[in-house]
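Please open the structure in your viewer and keep the selection panel at hand. The tour below goes from one selection to the next and says what is there at each stop.

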Number of protein chains: 2
Amino acid sequence: TAGVAAAGARQPPNILLLLMDDMGWGDLGVYGEPSRETPNLDRMAAEGMLFPNFYSANPLCSPSRAALLTGRLPIRNGFYTTNAHARNAYTPQEVVGGIPDSEFLLPELLREAGYTSKIVGKWHLGHRPQFHPLKHGFDEWFGSPNCHFGPFDNRAKPNIPVYRDWEMVGRFYEEFPINLKTGEANLTQIYLQEALDFIRRQQARQRPFFLYWAIDATHAPVYASRPFLGTSQRGRYGDAVREVDDSVGRILRLLRDLSLAENTFVFFTSDNGAALVSAPEQGGCWSLSSWLPSEWAQTTHTSESTVWPPAEQKGLPWSGSLQAGGSNGPFLCGKQTTFEGGMRVPAIAWWPGHVPAGQVSHQLGSIMDLFSTSLSLAGLKVPHDRTVDGLNLLPAILQGQLVDRPIFYYRGNTLMALTLGLYKAHFWTWTNSWEEFKQGIDFCPGQNVSGVTTHTQEEHTKLPLIFHLGRDPGERYPLSFGSAEYQDVLGRITPAVQQHQEALIPGQPQLNVCNQAVMNWAPPGCEKLGKCLRPPESVPEKCSWPH
Amino acid sequence: TAGVAAAGARQPPNILLLLMDDMGWGDLGVYGEPSRETPNLDRMAAEGMLFPNFYSANPLCSPSRAALLTGRLPIRNGFYTTNAHARNAYTPQEVVGGIPDSEFLLPELLREAGYTSKIVGKWHLGHRPQFHPLKHGFDEWFGSPNCHFGPFDNRAKPNIPVYRDWEMVGRFYEEFPINLKTGEANLTQIYLQEALDFIRRQQARQRPFFLYWAIDATHAPVYASRPFLGTSQRGRYGDAVREVDDSVGRILRLLRDLSLAENTFVFFTSDNGAALVSAPEQGGCWSLSSWLPSEWAQTTHTSESTVWPPAEQKGLPWSGSLQAGGSNGPFLCGKQTTFEGGMRVPAIAWWPGHVPAGQVSHQLGSIMDLFSTSLSLAGLKVPHDRTVDGLNLLPAILQGQLVDRPIFYYRGNTLMALTLGLYKAHFWTWTNSWEEFKQGIDFCPGQNVSGVTTHTQEEHTKLPLIFHLGRDPGERYPLSFGSAEYQDVLGRITPAVQQHQEALIPGQPQLNVCNQAVMNWAPPGCEKLGKCLRPPESVPEKCSWPH
Ligand SMILES: [Ca+2]
Ligand SMILES: [Ca+2]
């Protein structure tokens, strides 16, 4: 088993991706969070390279993660819906689809270079047996296939299982409790131990490893373990961030202690921007369980978590004492939107002795670049039989090079916007429907920009709204249509869009069909635990994606 | 003259205050500005101590500066108006008042400890002869008494003079040009040379110095010198920031080169938050002079610069191609308001060998603290015959101590808000009038928070709106009136307000009376230059402060 580490052979570096869930650009001290509660991440940035212009591939979890692991836009790898125009979709447990077998995932490819791969945390690329991460290149898994929503009643809807490798070892809210009232859960500590243990084992085996640490403490319902609860100035969300920060510090310290730091490429980022209203305040007057609407647990509810909490208790500013969740810094709106707050995410590269300390790269980066960069680190080439959107970031990281490349912002199969250099063009604007907005569901709380954060789908494909993200990072002041600057930018954006759209071969959409029968009723291993549930009759239906 | 530096005597440290004009909390890389164009200031923070919770004493220039130099709130030192309720006022050249003789200014007091003091840049504490900085403790001055608005026609209104010490040496837009079309002015370079020259001279004299470097490149109309124009991602405002950053780097480098760094306490901050719309875009389609309304130059116009540009060309988002100016990071609104964006400012302490490197202090700090801290550094005591609001920050800076103290937010003589610990209570909310707002004057562009950013003066003195600034730095979600948390906070805030108000002795308001005859028609030295202008008849009138 130690073949690739044979004496004299140069072993490729280990790869450690620290992927946060719904953590915003502005959530780290080094990105300007006023409370300055992320000393370990700030130190990671001081010892490494900071990317202020780094993007997720989608404003939602599942498509962004599928893009990370395939290096391809969701429109190519199938992680989108065509059920309605410009809709965000993901993989709640009633979704039938998942990552197609035809996609090459990063761990599958890294295996060719001798890597052992582990995923810790949220998979979210499909929960049915054919989508299992160990069928797609990972050697180990500890975590869950879906978000930690719940608790469910195990009759209308099962609680989400937690897997160790091939089999479930329990369910959230059962063997893996999350106390919605107090916010207490020790999941981050478990995920931390899984990471530390894996690193130690791989070091002993002298094998290169790929560790994908995809934890979810900052995704609603936000949680932290007891030593961190109540310690943040920022409320429960901040408690979760502090625990994450502490955990990252421990992981990096272990790498140093094991003398692995100079042979481990570490990258920290998030799967999408912060959900701007994501959690009720710590010690507030409602318990989460008391206001969880009964339909939440009973129906095929395919709304994502920023609808948290429900509208009737969100009426601002006097009907309740809500707090904000994460922060997107100076950027507009949050998760669910294709404004900067939904897609621009924190990003830090760390590799002592290789990545120069204290640097800032202005490269436009994408979470998909982690695919191509990892392959490059492993000495592998990206697949040549398909379009790969990811860029190899090593020239940017190691030599300070800058490559001009576009960033695409999609909702469903609709290209909503594109960033090229410092300019961003919106072809469609939409936050959510008036109907949802009037119910209190607001993805841009306190940030209405007239004609920009619209509640009807506004088409601008002929004459896009163009913003200069350097002068106007908050996307508040579109360039004047009549200006020379507008014409110049339009002249460069138009061919980039045409080239993209002409070459585009959309993948088969995976997120169109839902079926209560495919939920996590009887995951592998349930028999041993006596935790198998009986599925209802199979009734495939179109998933409803409201925004 | 070298008395205090006699052999064996321990000389107190030099004091260097770098005061920016209208620079926002979010304008520095270290505070999260995405373009990361302030490497020198970021390094200053890495070598020193960062204050995320530091406040100006007023959301406008003059009162904030008067507070800095007296250590006292504007309501005490007279830098406010009572002409209407809750109005912001400052010192345009038609204002009759200025700093009262009864106030002790920092340089006057430092003189007792042997300091030589110089002000470089904007004074703004009154332009009539009795208010001259050299009558209030400064030994040298290079700069202007008022903002660099203009050009004026020298008939209805004179251009602002530039002084060297006692006499004028020219006027803005005449001997000291500012090209409003291109944004070019070499004023920051002149101010930089004044600083470097003063530091060198004082080092040669072996005398402790106090240098108050109060530059104004980031105040509208924003300017930069040719080498910096067009170099920022952020437009002209960013060009100005880059030149400021470069200049700070040069000043700190000189201190190191002269081996003065370990004997010079340097503090960087700003006089108020960023004016959220402060300058038309670089290369935009209007020249400033073309849209300067004629009344601007012709009347006693006492509006501050955030009304820049005039309403008719501000209509967003389609009538023009405006850019934002500075950034207040995650905070609400900007200059002119008592929301966090108007009053929370960047702050860095730097004193190699004394201030520990790379630290963050969560002390609630105020610009008035620079008065008390400077006196402490000089071995002097604060005046005991009056209330001093400034706190000595040395225990916070050198020993990491934290002192619980309130921050007061005033407009005129109205206490608008108070921050205590992590809680902020608003007793009045107001941005500006509906009348102004409908004309396009918006101090919170794109940031409307219903019931919070109001356009009528809303009284909440009985039941203040309370925000938790840790969970909700953007002041978007007031605590529920019925919550235990609200009651607890109110119980702590109420006595703090009562104590403040019972002990308060307001100073004579200085900003009530305007008179065209007091403008800078014939400043001392004008005869030599042949630049004396004839004042109009003296007509004292109430100043009009619209917001
Ligand atoms: Ca997510
Ligand atoms: Ca100012």
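This is a predicted model: local features need pLDDT of at least 70, side-chain atom pairs count only at pLDDT 80 or more; totals for chains, interfaces and linings use all residues.

Begin by selecting the calcium ion (ligand 1) together with its protein donors, which are Asp21(A) (OD), Asp22(A) (OD), Cys61(A) (SG), Asp271(A) (OD), Asp271(A) (OD) and Asn272(A) (OD1), lying 2.2 to 2.6 Å from the ion. If you look at the angles next, the 6 donor atoms subtend 53 to 165° around the calcium ion (ligand 1), and the arrangement is therefore irregular. Along the sequence, the donor residues of this ion follow the spacing D-D-x38-C-x209-D-N.

Now widen the view to the secondary structure of chain A, where Asp21(A) sits in the loop between β1 (14-20) and α1 (39-47), while Asn272(A) sits in the loop between β9 (264-270) and β10 (279-280), so that the pair ties together parts 251 residues apart in sequence. Asp21(A) counts as buried because its relative accessibility is 0%, and Asn272(A), with a relative accessibility of 0%, counts as buried too.

Then move to chain B and select helix α1 (residues 39-47) with helix α6 (residues 235-257), whose axes come within 7 Å and cross at roughly 45°; the two helices, α1(B) and α6(B), are therefore oblique to each other. To display the contact itself, show Pro39(B), Asn40(B), Leu41(B), Met44(B) and Glu47(B) from α1(B), which meet Asp245(B), Asp246(B), Val248(B), Gly249(B), Leu252(B), Arg253(B) and Arg256(B) from α6(B). Coloured by class, this contact of α1(B) with α6(B) shows 5 nonpolar, 2 polar and 5 charged residues.

Methods
Residues are numbered from 1 along each chain as its sequence is written. Chains are lettered from A and ligands numbered from 1 in the order in which they are written. Side-chain values use heavy atoms; hydrogens and water are left out. Donors are N, O and S atoms within 2.8 Å of the metal (3.2 Å for Na, K and Ca); water is not among the atoms, so sites may look incomplete. Four donors count as tetrahedral if all angles lie between 85 and 135 degrees; four count as square planar and six as octahedral if opposite donors are over 155 degrees apart and all others between 65 and 115; anything else is irregular. Helices (H or I, at least four residues) and strands (E, at least two) are DSSP runs, numbered from the N terminus. Buried means under 20% relative accessible area, exposed over 50%, partly exposed in between (1.4 Å probe, protein chains only). Axes are lines fitted to C-alpha atoms, for helices over the stretch in contact, and angles run from 0 to 180 degrees between N-to-C directions. Angles under 35 degrees count as roughly parallel, over 145 as roughly antiparallel, 65 to 115 as roughly perpendicular and the rest as oblique. Contact means heavy atoms within 4.5 Å. Ala, Val, Leu, Ile, Met, Phe, Trp, Tyr, Cys and Pro count as nonpolar, Asp, Glu, Lys and Arg as charged, and the others, Gly among them, as polar.
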